Amino acid sequence: MKMMKQNYSSPMTSLVLTDSSQLTADSFEKLPDQIMYPYAEPYDLRKHLCFVLIKTTTPYPVVSLSEQEKYFLDTKTNKRLEFPSLHEPWSVHLSVIIPAFDEETRLPPMLDECLEYLEGRKSGFKYEVIVVSDGSRDATVEVARKYTSKYGADVVRVLELTTNRGKGGAVRLGMLNARGAVVLFADADGATKFSDLSKLETSLKDLLQANNKVLLSTEDYLSKPEVVANKLAIVCGSRAHLEDEAIASRSVFRTFLMYGFHFLVWVFAVQGLRDTQCGFKLLTRQAALICFSSMHVERAFDVEMLYIAQQFEIPIEEVAVNWTEIEGSKVVPIWSWLQMGGDLFLIWLRYRIGAWKLLRIKGN
């Protein structure tokens, strides 16, 4: 077999190749890598990282439930009833989702305030509260079921997760089982005053009327739930107005981390919102379906949810709420911020390279 005569020269060697019979093992050892592998490219860590992410990631979230997690207990009849689906039509005005992990102490005051406020509304208002026990190791489930016994399983339902999914996983599963025309998720610690729900409702009404000419100025989800349920809007409770006071009581290092996290949120995910992490957000049923059907992460889930919303151009409003620090938080500030910072980068990267995709809901 003849080879085309070529001259290769390098600082290391100068060889003339004419016939393949002239090539020996010693000859190959003297050839530079660029000659032996003329099409080889330099190792690119970024390309290999993206390749690994694509191969090890599912483009759409896989939500798995054990048989037990598909049902809730009616404590009065002692029967297990199947949860409905967010894909089904609405059947109550408001669903409240409360993720809870080892919250036997902080949950009762929050539920007392929540249920007292909702029970005080005028007749005809239908609501439900879904407490999602995220693999709790204490008596969270038993405490929540006392409220089921008191108010009935049509009002208070307990979703008992057999394993800990993280706050994002718990909120998502609660959302996917909700019946409300609008859906609120609220933290179990009761840090946000529940009566501030009225502020979110007013903002939601204004937001819908500004973006949907169908609704009149006197209409909202209470009077037109069938219309509002199919519209797109999200209202976020915000603590941004308390930022100056918080900075005054924080160390310089923690303040630096806080601003660093806000910067990463702005760069990698969500623009235009000052507080993405407040656990008090109100969504229309359709907005919840769109956002939580595509959501993957469990720590910085608020950010991914809002990122998805902005990708679908869902209108978002921010409203100042009353907020109080409650003892017993399981969040370790420095470590949690560092973890969420890593999550933010991975959220951006996975969507950027196509490892994660947005699930298109029929009709949107």
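The model is predicted, so a local feature is reported at pLDDT of at least 70 and a side-chain atom pair at pLDDT 80 or more, while totals for chains, interfaces and linings take in all residues. Residue numbers start from 1 along each chain as its sequence is written, and side-chain values rest on heavy atoms, with hydrogens and water left out.

The protein chain holds 13 helices and 11 strands; these are DSSP runs numbered from the N terminus, with helices being H or I of at least four residues and strands being E of at least two. Of its 364 residues, 49% are buried. Here buried means under 20% relative accessible area, exposed means over 50%, and partly exposed is in between, with a 1.4 Å probe and protein chains only.

Two helix pairs come next. Two packed helices are described by the angle between their axes and the distance between the axes. The axes are lines fitted to C-alpha atoms, for helices over the stretch in contact, and the angles run from 0 to 180 degrees between N-to-C directions. Helix 4 (residues 107-119) packs with helix 5 (residues 140-151) at an angle of about 20°, and their axes are 11 Å apart. Helix 4 is therefore roughly parallel to helix 5, given that angles under 35 degrees count as roughly parallel, over 145 as roughly antiparallel, 65 to 115 as roughly perpendicular and the rest as oblique. The crossing of helix 4 over helix 5 is right-handed, which is to say that the near helix is turned clockwise from the far one by less than a right angle, anticlockwise being left-handed. On the helix 4 side, the contact uses Leu-107, Pro-108, Leu-111, Asp-112, Leu-115 and Glu-119, and these meet Thr-140, Val-143, Ala-144, Tyr-147 and Tyr-151 of helix 5. By class, the residues of this contact between helix 4 and helix 5 come out as eight nonpolar, one polar and two charged. In that count, Ala, Val, Leu, Ile, Met, Phe, Trp, Tyr, Cys and Pro are nonpolar, Asp, Glu, Lys and Arg are charged, and the others, Gly among them, are polar.

The second pair is helix 11 (residues 285-294) and helix 12, whose axes come within 9 Å and cross at roughly 120°. That angle makes helix 11 and helix 12 oblique to each other, and helix 11 passes helix 12 in a right-handed crossing. Ile-290, Cys-291, Phe-292 and Ser-294 of helix 11 make the contact with Glu-304, Met-305, Ile-308 and Ala-309 of helix 12. The contact of helix 11 with helix 12 has six nonpolar residues, one polar and one charged.

Helix 12 (residues 301-311) is largely enclosed by the rest of the structure, because nine of its 11 residues are buried. Those buried residues are Phe-301, Asp-302, Val-303, Glu-304, Met-305, Leu-306, Tyr-307, Ile-308 and Ala-309. After helix 12 comes Glu-313, with a positive phi near 60°.

As for charged pairs, the whole structure has 13 salt bridges, each a side-chain nitrogen of Lys or Arg within 4 Å of a carboxyl oxygen of Asp or Glu. One of them joins Asp-275 to Arg-239, with the closest N and O atoms 2.8 Å apart. This pair links distant parts of the chain, 36 residues apart: Asp-275 is in the loop between helix 10 (252-268) and strand 10 (280-284), and Arg-239 is in the loop between strand 9 (234-238) and helix 9 (243-249). Asp-275 counts as buried at 6% relative accessibility, whereas Arg-239, at 23%, counts as partly exposed. Asp-196 and Lys-199 form another salt bridge, with the closest N and O atoms 3.7 Å apart. There, Asp-196 is buried at 4% relative accessibility, and Lys-199 is partly exposed at 35%. Glu-67 and Lys-70 also meet through their side chains, at 3.6 Å from N to O. A network of salt bridges links Glu-128, Asp-154, Arg-157 and Arg-179.

Finally, Thr-162 sits in the loop between strand 7 (156-161) and helix 6 (167-176), and is partly exposed at 43% relative accessibility. Its neighbours within four places in sequence aside, Thr-162 is in contact with Ser-66, Gln-68 and Glu-69.

Technical notes: Contact means heavy atoms within 4.5 Å.
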